[in-house]
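Hello,

Here is the structure I promised to pass on to you. Please open it beside this email and follow along as you read.

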Amino acid sequence: RGQLRFQPNEAIDLLVNIHGSDNNSTGWFEHVVGRMPPGTQPLAPPGVVGVPLGFPLGLACSSCENVVGFKSPGNFWTTESDQIGDLNKIETAGAAFTANIDFDGFSLTSITAYEEVDSINQNNADGMGVDLINVNFGEFSEQYSQELRVTSATDHAFQWIIGLDYFADETKNDTFFNFNNGFGPSVLFGGALTPVRQLWKQDGESFAIFTHTTYDFNDRWKGTLGIRWTKDEKEFDAVNTFNPVVLPVSVPIFTFKDEESWDELSYRIGVDWQVTDRVMIYASYNRGYKSGAYNGVALYDINELTKVDPELVDAFEIGAKTSWLDNRVVLNGAIFYNDFEDLQQSRLVSTPAPTLTLQNAANAEIFGAELEMQIYPTDRLRAVFGLSILDSEYKEFELAPGVSADGNEMVGAPDLTFNG
């Protein structure tokens, strides 16, 4: 990476950043966890097709096996693979140009950026030393962004930022799921190697207008108001096919083409109270927005390729930022409540065949508290500690007709986390 900065005078500051990377490494490996007592597996390799639904799962144990009779390696950090030296290649390139120009009473900032990523990954998806499922992931993406903002001078009680934001991206995915030894869809072609090709492209554009203002009521109190209007547009094209080696042509599974747009107003209201020079208490309310999306992991069934509407969250927070012992100790804490609406949730549906869908499946809420401490024993040494407590719950989450997950904890929201 490299940077070039040019300041022709005190009012103009120009910065060019060019960067890139080339990563060639071993791909990731899967670790199989057996859950069935030896001899009770419903499938026995090789050549048996189809996985029965509803078979009983035993408790995880060191001698347990998975559905095809494979026993997990005894060490969690040990895995088996029929592929040696799986490829994981990621190339990135990008550039950004930032211009800051000062005027009388305000400044103008322009940020123009371009990024692209080209990746190939070979993955032994079955996590076993037999050739059942291997996946070759291929993806290319590029994005362009432009931001313009005007910022007021900082020597006034009322300060403001007004800006425009534009973002465009294109993502292309070309992935082969290789099934062998009569496993999975290979049964359609006599048990021969049957790659399933997942080919899709998504084009997206996003445009936003935003403003952020603060007002100093006095030396101790400050108010904040921010508003952002966003419009997102996405176009999605997909063609999934069987590509059996026993046939000269591919066999279509499904084709899909759709486009959609969404727009939403998000905002922030906050107040800060500088109790002392070393203690500040704040409260805020934020309305957040996550764009709608398409389920790009769809594989066998067009019903998997679901479209979801935007996810919304109302976030409330009260906290304090403090420093002690001549700034040698910084202690910050907060309590918060997040109320999610139209939560975008992945769901594995087992009938008529296992499919992974993306749906606006739930409303949910999180109560939480966070504590962060930074200690500076010397001017060159810093120790950081963090503690988080969460109480999450799905409020409306229907898994199937008559089956509800209401009251269950949210996925990915651990009760307690600690770092240091």
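Let's start with a pair of residues: Asp-232 stands opposite Trp-262 in strand 9. Please keep in mind as you look that this is a predicted model.

How many bridges join strand 8 to strand 9? There are 22, and the two strands run antiparallel. Strand 9 also pairs with strand 10, again in the antiparallel sense, over nine bridges. One spot to look up is Thr-276, whose bridge partner in strand 10 is Val-279. Between strand 9 and strand 10 you will find a hairpin, which joins them through two residues.

**Aromatic rings**

Next, the rings. The model has 14 aromatic pairs. In one of them, Trp-221 and Trp-273, the ring centres are 5.3 Å apart and the planes are at 5°, so this pair is stacked.

Another pair to find is Tyr-267 with Tyr-285. Their ring centres lie 6.0 Å apart and their planes are at 55°, so this pair is tilted. Tyr-267 sits in strand 9 and Tyr-285 in strand 10 (residues 279–290), so the pair ties together parts of the chain that are 18 residues apart in sequence. Tyr-267 counts as partly exposed, with 31% relative accessibility. Both tyrosines belong to a cluster linked by ring pairs, together with Phe-316, Tyr-337 and Phe-367.

**Nonpolar cores**

Which residues touch the most other members of the largest nonpolar core? In this core of 14 residues, they are Phe-340, Leu-343, Ala-364, Ile-366, Tyr-394, Phe-397 and Met-410. Strand 14 (329–349), strand 15 (355–378) and strand 16 (381–400) each supply at least two residues of the core. Strand 15 gives the most, with four residues.

Leaving aside its neighbours within four places in sequence, Phe-340 is in contact with Glu-311, Leu-312, Val-313, Asn-363, Ala-364, Ile-366 and Met-410. Apart from this core lies another one, made of eight residues, including Phe-236, Ala-238, Phe-256 and Leu-305.

**Two positive phi values**

Now for a look at the backbone. Most residues other than glycine have a negative phi. Asn-327 has a positive value, near 70°, and is not a glycine. You will find Asn-327 in the loop between strand 13 (311–324) and strand 14. At 43% relative accessibility, Asn-327 counts as partly exposed.

Asp-342 is another residue other than glycine with a positive phi, here about 55°. Asp-342 lies in strand 14. With a relative accessibility of 30%, Asp-342 counts as partly exposed.

Thr-357 lies in strand 15. Why does Thr-357 count as buried? Its relative accessible area is 5%, and buried means under 20%. Leaving aside its neighbours within four places in sequence, Thr-357 is in contact with Asn-295, Asn-303, Glu-304, Thr-306, Gln-345, Ser-346, Arg-347 and Val-349. The side chains of Thr-357 and Gln-359 are joined by a polar contact of 3.3 Å.

Asn-121 is buried, with a relative accessible area of 5%. What does the side chain of Asn-121 make a polar contact with? Its partner is the side chain of Asn-88, at 2.9 Å.

Enjoy exploring, and do write back with any questions.

Best wishes

How values were computed
Residues numbered from 1 in each chain as written. Predicted model: local features only at pLDDT ≥ 70, side-chain atom pairs only at ≥ 80, totals over all residues. Heavy atoms only, no water. Buried < 20%, exposed > 50% of the residue type's maximum accessible area, 1.4 Å probe, protein only. Polar contact = N/O pair within 3.5 Å; in protein donor to acceptor, adjacent residues only side chain to side chain. Phe/Tyr/Trp six-rings, centres within 6.5 Å; stacked < 30°, edge-to-face > 60°. Pairing = 2+ DSSP bridges. Core = buried A, V, L, I, M, F, W, Y, C linked by side-chain atoms within 4.5 Å. Contact = heavy atoms within 4.5 Å.
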